[in-house]
Amino acid sequence: VAAAGAQLLDEHPQNLASTMSTSLIRCATAAALVATCDGYMPSAAPSRAAAVRPAAASVFMDETVFERALAGELEEEGFENPFMSEVGWADYLDKNAKSSYNMNQRPSLADDGYYTASIVDNPLDVVSDWLGAMKGYVTNPVATAFPTISNDPTGARSYPKGSNEVSARTIKPKEKDFDPKKRIVGIPGFNIFGTPSSKSGSFIENFFGN
């Protein structure tokens, strides 16, 4: 290759020089254009990598429910932790606190037996329990639609033993002293847009003073 280049330089020195001169001019022009282009200019400040948020922890399902269900141990877990279901909690309160739960009758005193058929039971049992509930509603619609504990006609609803409406609450109400001597009474009121208070004077007196 070197010999061929030397021979070409000896035979055509002028053409080769002209060709090299043209190539150098083109390279210099391209370099100048690249240097002045904003896209190829380095930024004034070093670029900062985009903040990468840490990946959230993977969500895992509690498979012990399926394991206990397949092993037939869900009932045992319910006996150990009665608060895990409303039926278990109602039964626990009935036996240990002698109280009802969620405005329902106590399981041991319920008119319908409390443990009624569900959607997975025999359809005939579901219909039979529903008819029994409708019968109780027709017999005493007010007590069924508006259940209370203090005025329960069946006596199957009650607060925990030794408790009343206030002491049975988780969040106790603030105690108030209703002594009339400690209250401020007889303050006249005024309503400019309606009927004035019976204890207030005329509008002129209240607005401008006596």
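Where is the place of Met-103? Select Met-103 in the viewer: this residue lies in the loop between α5 and α6. The model shown is predicted; local features require pLDDT of at least 70, side-chain atom pairs count only at pLDDT 80 or more, and totals for chains, interfaces and linings use all residues. Residues are numbered from 1 along each chain as its sequence is written, and side-chain values use heavy atoms, with hydrogens and water left out.

Stay on Met-103. Its phi is near 60°, a positive value in a residue other than glycine. Met-103 has a relative accessible area of 33% and is therefore partly exposed (buried means under 20% relative accessible area, exposed over 50%, partly exposed in between, with a 1.4 Å probe and protein chains only).

Next, select Asn-102, which is also in the loop between α5 and α6. Asn-102 likewise has a positive phi near 60° and is not glycine.

Move on to Thr-116, in the loop between α5 (86–96) and α6 (123–139). Thr-116 counts as partly exposed because its relative accessibility is 40%.

Finally, display the whole protein. The protein has 8 helices and 0 strands (DSSP runs numbered from the N terminus: helices are H or I with at least four residues, strands are E with at least two). Of its 210 residues, 10% count as buried. Among contacts (heavy atoms within 4.5 Å) with a separation of 6 or more, 31% join residues 24 or more positions apart.
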